Amino acid sequence: MTDLNPSAALAGTTAMVGVGHSDWIADYAAVRAGTKPHDSFGYAAIAFNRSLADAGIDKSEIDGLVAGPPTAHERMCEVLGIDPNWGTQADAMMGIQSAMMAIATGMCEVVALVYGNDQRSAAVNYGGSNAAGGNAFLSYIYHAPWGFTSQGALYAIMLRRFMHDTGFTERDLAEVAVAQRLHSSLNPHALMRKRVTVEEYMATNYVCEPLHLLDYCLINDGGVAFIMMSAERARRGKRKPAIIHGIGRHDLSREATSLEPRLTNFYRPAQKKVAEQAFNMAGAGPKDMSCLQIYDSFSVHIPLALEGYGYCGYGEAAKFFHDHGISLERGLPVNTSGGHLSESYMQGWNHQIEAVRQIRGECGERQVKDCRYVHYSSDVAGKALSIIYGH
Amino acid sequence: MGKSNRVLGHYDKPMWESISRKKWELQFCPDGGKFRYPPAPIDPDTLSDVYEWRPITGTGEILSWVIFHRKYFDDHPPPYNSIAVRLDEGPIVVSQLVGPEPEGSWIGHRVEVVYGEHEGYVIPHMRLIG
């Protein structure tokens with residue numbers, strides 16, 4: 001295979017201009033009280049309205065629409081009253097990549113990306129006898145006869161091997177939950193705002209050992225939306241845009257069900273390729289990043305991404321945590337909103353909001369000083385993707 | 001809650017039939033010379049749809065393991081383990097370790113298949129060798 005740099009021509013051409021989300025805290029309280037404020041489309045619609053207001057544009061400007069699963073594109077268009085020139089159903093990461101291509105090729109000019117999920121009130125199961133996602137990822141359901149189920153278990157078995165190979169410990173992993181709770185304690189939108197210590201982390205129960213309860217993402221209802229357009233058009237607008245300087249993607253799907261790419265090399269080959277694509281496209285590297293937003297369905301994503309993207313060497317994540325730091329207090333801040341562990345589990349969508357807010361300088365107490373570049377990374381079940389946001 | 005289900009797709013059924021006979025077979029691609037797991041319509045390297053069902057030795061090495069503390073299935077009361085095993089034939093399979101457990105790390109220990117009963121069907125588990 002040739003060394004691709006497929007999207008170099010798109011460097012700096014696309015921007016995020018508006019972000020919005022539902023009231024996660026109120027949604028969470030309502031659902032825990034036994035009520036259901038909205039369905040998935042309802043949460044998405046609220047977020048969409050707010051993203052329009054944030055962008056300072058009218059709905060009539062939208063001519064492209066990406067609907068995030070679990071909602072369908074066609075019905076979302078109907079609910080929002082939009083007849084687009086282009087659109088699709090895609091998760092946040094693939095949606096942004098697709099929207100960039102659609103805008104660059106002239107398929108459309110202004111794309112709304114909308115997501116709503118009633119996963120908590122609808123009691124969606126990510127493990128057990130009707131685990132979600134098995135149609136796309138056979139590993140989510142294939143090993144059930146041996147009791148092996150849940151996406152948490154897939155990362156737990158990966159973590160166990162990682163600990164064996166590198167000497168990484170549960171106490172090292174605790175640093176992720178501790179740092180992200182520090183961040184969420186400074187975030188008025190976050191669901192979990194109480195700071196925790198390493199000792200408190202260690203005292204929580206295992207769910208799937210070696211993962212503790214605080215290594216798991218929240219499960220909550222809510223919605224997120226953002227608006228994308230060309231950087232040229234965005235710069236003429238009312239709000240300060242977050243420009244996408246780099247993007248890259250590589251999937252490791254071969255032998256995914258037998259866990260080969262997880263257990264053999266922790267998805268490192270995918271992250272290496274994506275790092276080359278995204279950093280080369282942006283003309284910036286790990287040392288230039290002001291903060292990271294890492295898709296954290298489980299805390300173990302953080303040490304794996306730091307090593308995989310070259311923030312430290314292989315096997316050096318624990319050393320990086322302790323010597324350098326991953327919080328707003330010290331070092332390279334990771335998941336400055338609290339992420340999926342502590343802010344809201346919006347499946348990668350809320351990380352984009354935080355990236356935009358950090359670039360705009362809107363984050364108040366948790367604002368990263370002189371924030372120049374924000375690196376977003378996800379490696380959901382081997383689909384590695386990175387986005388570099390900047391000015 | 002509910003019970004754990006086997007995935008019984010088109011290519012899975014012959015494998016489970018071999019397991020029911022307590023002689024676990026996997027698809028083998030004569031063109032590429034490799035076993036594959038889980039069962040699938042073609043070999044991902046050669047793209048050949050020609051395959052044979054060949055018995056496996058049932059021996060291998062533990063690559064990693066977890067202990068479930070939360071209950072996910074009615075038929076799997078916690079705590080219980082799941083292990084990933086590199087079969088000597090090449091593929092990785094997920095199973096459960098039955099019998100004595102290693103002291104300390106389980107990784108690298110040799111195991112062999114032992115057939116058990118689960119919910120009315122035969123299922124391959126693993127036990128330590130020696």
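Visitor: Which residues is W349(A) in contact with, leaving aside its neighbours within four places in sequence?
Guide: In this predicted model, W349(A) is in contact with G68(A), A90(A), D91(A), A92(A), L113(A), V114(A), Y115(A), V224(A) and F226(A), once its neighbours within four places in sequence are left aside.

Visitor: Is W349(A) buried or exposed?
Guide: W349(A) counts as buried, because its relative accessibility is 1% and the cut-off for that word is under 20%.

Visitor: And where in chain A is the place of W349(A)?
Guide: Its place is in helix α14 of chain A, which covers residues 349–360.

Visitor: How many residues apart in sequence are W349(A) and I227(A), and how far apart in space?
Guide: W349(A) and I227(A) are 122 residues apart along the sequence, while in space their C-alpha atoms are 12 Å apart.

Visitor: Let's switch to S297(A); where does that one lie?
Guide: S297(A) lies in a loop of chain A, with β9 (291–294) on one side of that loop and α11 (301–308) on the other.

Visitor: Buried or exposed, that S297(A)?
Guide: S297(A) is buried, because its relative accessible area is 5%, and anything under 20% is given that label.

Visitor: What does the side chain of S297(A) make a polar contact with?
Guide: The partner is the side chain of H301(A), and the polar contact between the two side chains has a distance of 2.9 Å. If the neighbours of S297(A) within four places in sequence are left aside, this serine is also in contact with D215(A), Y216(A), C217(A), H340(A) and L341(A).

Visitor: Why does the radius of gyration of chain B agree with a compact globule?
Guide: It agrees because a compact globule with 130 residues would have a radius of gyration near 14 Å, and chain B has 15 Å. Along its principal axes, the C-alpha trace of chain B spans about 40 × 35 × 25 Å.

Visitor: What about the positive and negative side chains of chain B?
Guide: Chain B has 14 positive and 18 negative side chains, and the centres of these two sets lie 3 Å apart.

Definitions and conventions: Residues are numbered from 1 along each chain as its sequence is written. Chains are lettered from A and ligands numbered from 1 in the order in which they are written. This is a predicted model: local features need pLDDT of at least 70, side-chain atom pairs count only at pLDDT 80 or more; totals for chains, interfaces and linings use all residues. Side-chain values use heavy atoms; hydrogens and water are left out. The radius of gyration is taken over C-alpha atoms; the globule rule is 2.2 Å times the number of residues to the power 0.38. Lys and Arg count as positive and Asp and Glu as negative; His and the chain ends are not counted. The place of a charge is taken as NZ of Lys, CZ of Arg, CG of Asp or CD of Glu. Helices (H or I, at least four residues) and strands (E, at least two) are DSSP runs, numbered from the N terminus. Buried means under 20% relative accessible area, exposed over 50%, partly exposed in between (1.4 Å probe, protein chains only). A polar contact is a pair of N or O atoms within 3.5 Å; within protein, one must be able to donate a hydrogen and the other to accept it, and residues adjacent in sequence count only if both atoms are side-chain atoms. Contact means heavy atoms within 4.5 Å.
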